[in-house]
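Dear colleague,

Please find below a structure for your files. I would ask you to keep it open while reading the notes that follow.

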Amino acid sequence: IYNSIAGKEEISSDMHMETREFSKLTQCCAVSADIVTILMIFDAVLQDRDVYGDFVPRVKDVWTKACGGYFRVVAVWILAAVS
């Protein structure tokens with residue numbers, strides 16, 4: 001699919017990239033995407049009041065109301081940076 005979209009630039013040995021390097025690159029991208037997904041689900045569960053209403057209600061109050069809602073934004077960015 002990529003080769004049909006990219007046109008003349010094809011994925012081949014002319015890229016001067018070994019399979020090991022390409023594998024490391026894709027693994028890093030997959031781990032980064034997993035971390036973003038986990039943080040998004042974590043944030044969504046702590047904001048939700050309908051489906052997971054009884055799950056840690058005090059933490060949800062702090063998560064959504066502390067510092068006018070900025071606490072959760074800063075916390076997610078810090079967790080992403082630490083991860």
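I begin with Tyr52, which lies in the loop that connects helix H2 (19–47) with helix H3 (57–65). Please note that the model is a predicted one. Tyr52 has a relative accessibility of 42% and is therefore classed as partly exposed, since that class covers values between the 20% limit for buried and the 50% limit for exposed.

As to the overall fold, the protein chain contains four helices and zero strands, and its pattern along the sequence reads α-α-α-α. Of its 83 residues, 12% are buried. The accessible surface of the chain amounts to about 7200 Å², and carbon and sulfur atoms account for 64% of that area.

A disulfide is a covalent bond that joins the sulfur atoms of two cysteines. How many disulfides does the structure hold? The count is zero. For Cys28, the closest cysteine sulfur is that of Cys29, at 7.0 Å, which is too far for a bond, because a disulfide requires the two sulfur atoms to be within 2.5 Å. Cys67, for its part, counts as exposed because its relative accessibility is 62%.

Yours sincerely,
A colleague

How values were computed
Residues numbered from 1 in each chain as written. Predicted model: local features only at pLDDT ≥ 70, side-chain atom pairs only at ≥ 80, totals over all residues. Heavy atoms only, no water. Helix = DSSP H or I, 4+ residues; strand = E, 2+ residues; numbered from the N terminus. Buried < 20%, exposed > 50% of the residue type's maximum accessible area, 1.4 Å probe, protein only. Areas by Shrake-Rupley, 256 points an atom, 1.4 Å probe, with all protein chains shown as cover.
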